[in-house]
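Thanks for coming. I will go through one model this morning, starting with a charged pair and ending with the chain as a whole.

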Amino acid sequence: MEKHNSLAEHKQHGYGIYILVWLALLALTAVTVTVAGINFGGITVTTALLVASVKSYLVLKIFMHLGAEQKAFKVFVLVALFFIIISFILLFSDYSFI
Amino acid sequence: MITQEHAAAHVHRDDVGARMGMWLFLFTELLLFGGMFFLYSVYRFINQEQFNIAAKELNTLVGTFNTIILLTSSLTMALAIGAIQRNNKSLSVFFQTLTILLAFGFLINKYFEWSIKFHHGIFPGSEILLNKPKGEILFFGLYYVMTGLHGLHVVIGIFLIGFMTRLTMKNVINKDSYVKLESAGLYWHLVDIIWIFLFPLFYLIT
């Protein structure tokens, strides 16, 4: 019982950090919308995807408690991301050099 | 009758395993949506200009509003878990209910957005859409399928979180055993992450 409790407390975040992450997510949304409003051409999509990646990182690490999970969870997620990126690279090696 | 604490001490339970199972399920969701993102990226690569013209039809304001709603619902879900960890049952129920209400808000917004599109004659298979260039047909096809599938996930999320709220009220989910709520939260945050990518790719590429 004690062990279980200590495990549970280990994962416990303060309410404050959740509010902070939420504010950061809103601010990042504002950044993407503003950047899209200005016509930067090709950079717009790159910025949008970069900002989206940062937002996802925040959600994964804090909201989904990945930062406090055992190492195996992090390895799982990294492997999944690795294969998605590999698939994208292989896909575009086919399409971008026609 | 055994009390909750006895149950927590003696009944075999593997919370880490349960969460890992949920993560594995989320990876299959990633495959489902990932395939569509592949499709989107290739079609966009081939029809860049037509995608940009078609994206102008979408209302950025509605999209931004829905993004804010979904991000906020992710916050309330995280807070609901924080509340149950602190043994504050009523606060957790409050935040879970708020999450469900925000999810409904998202869907209502989506309903009006789609209705306006339908009103303008832009829906899969409509004459107006089929007369547009190929790239725009592809854009709206992907738009309806991807935001539609995402919307379906929001609907499932409402039922799931509603069920968790019921379990919390019945004390099945409590300070010592809240892995079910955590798993529902993981699912809800994934739905949020998918929207984080859908939003710029459909609404902001003009």
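Arg19(B) makes a salt bridge with Glu182(B), and the closest N and O atoms are 3.3 Å apart. By salt bridge I mean a side-chain nitrogen of Lys or Arg within 4 Å of a carboxyl oxygen of Asp or Glu. Arg19(B) sits in helix H2 of chain B and Glu182(B) in helix H8 of chain B, so the pair ties together parts that are 163 residues apart in sequence. Helices here are DSSP runs of H or I with at least four residues, strands are runs of E with at least two, and both are numbered from the N terminus.

Before going on, the conventions: this is a predicted model, in which local features need pLDDT of at least 70 and side-chain atom pairs count only at pLDDT 80 or more, while totals for chains, interfaces and linings use all residues. Residues are numbered from 1 along each chain as its sequence is written, chains are lettered from A and ligands numbered from 1 in the order in which they are written, and side-chain values use heavy atoms, with hydrogens and water left out.

Back to the pair. Are these two residues buried or exposed? Arg19(B) counts as buried at 7% relative accessibility, and Glu182(B) is buried too, with a relative accessible area of 5%. The cut-offs are under 20% relative accessible area for buried, over 50% for exposed and partly exposed in between, with a 1.4 Å probe and protein chains only.

Arg19(B) has another partner, across the chain boundary. Its salt bridge with Glu69(A) has the closest N and O atoms 2.6 Å apart. Over all chains the count is seven salt bridges. This pair runs from Arg19(B) in helix H2 of chain B to Glu69(A), in the loop between helix H3 (43-63) and helix H4 (71-95) of chain A. Arg19(B) and Glu69(A) are both buried. Taken together, Glu69(A), Arg19(B) and Glu182(B) are linked in a network of salt bridges.

A further salt bridge joins the side chains of Asp15(B) and Arg13(B), at 2.9 Å from N to O. Asp15(B) is buried, with a relative accessible area of 16%, whereas Arg13(B) is partly exposed, at 34%.

Now the interface. How many salt bridges are counted between chain B and chain A? The count is one. The rule for polar contacts finds two residue pairs across this interface, both at pLDDT 80 or more. A polar contact is a pair of N or O atoms within 3.5 Å; within protein, one must be able to donate a hydrogen and the other to accept it, and residues adjacent in sequence count only if both atoms are side-chain atoms.

On the chain B side, helix H1 (4-10), helix H2 (15-46), helix H4 (60-85) and helix H8 (179-203) each supply at least two of the residues that touch chain A. H2(B) gives the largest share, 16 residues. By class, that side has 33 nonpolar, eight polar and ten charged residues. Nonpolar covers Ala, Val, Leu, Ile, Met, Phe, Trp, Tyr, Cys and Pro; charged covers Asp, Glu, Lys and Arg; the others, Gly among them, are polar.

In total, 51 residues of chain B are in contact with 46 residues of chain A, contact meaning heavy atoms within 4.5 Å. The buried area between the two chains is about 4300 Å², and carbon and sulfur atoms give 77% of that. Trp23(B), Phe38(B) and Arg86(B) lose the most area on the chain B side, together 14% of what that side buries. Buried area is the accessible area (1.4 Å probe) that two parts lose on being put together, summed over both.

Helix H8 of chain B also holds Ala184(B). Ala184(B) is buried, with a relative accessible area of 3%. Leaving aside neighbours within four places in sequence, Ala184(B) is in contact with Met77(B), Leu160(B) and Met164(B).

Last, chain B as a whole. Its secondary structure comes to eight helices and zero strands. The C-alpha atoms fill a box of roughly 70 × 30 × 25 Å, taken along the principal axes. Of the 206 residues in chain B, 54% are buried. Among contacts in chain B between residues at least 6 apart in sequence, 84% join residues at least 24 apart.
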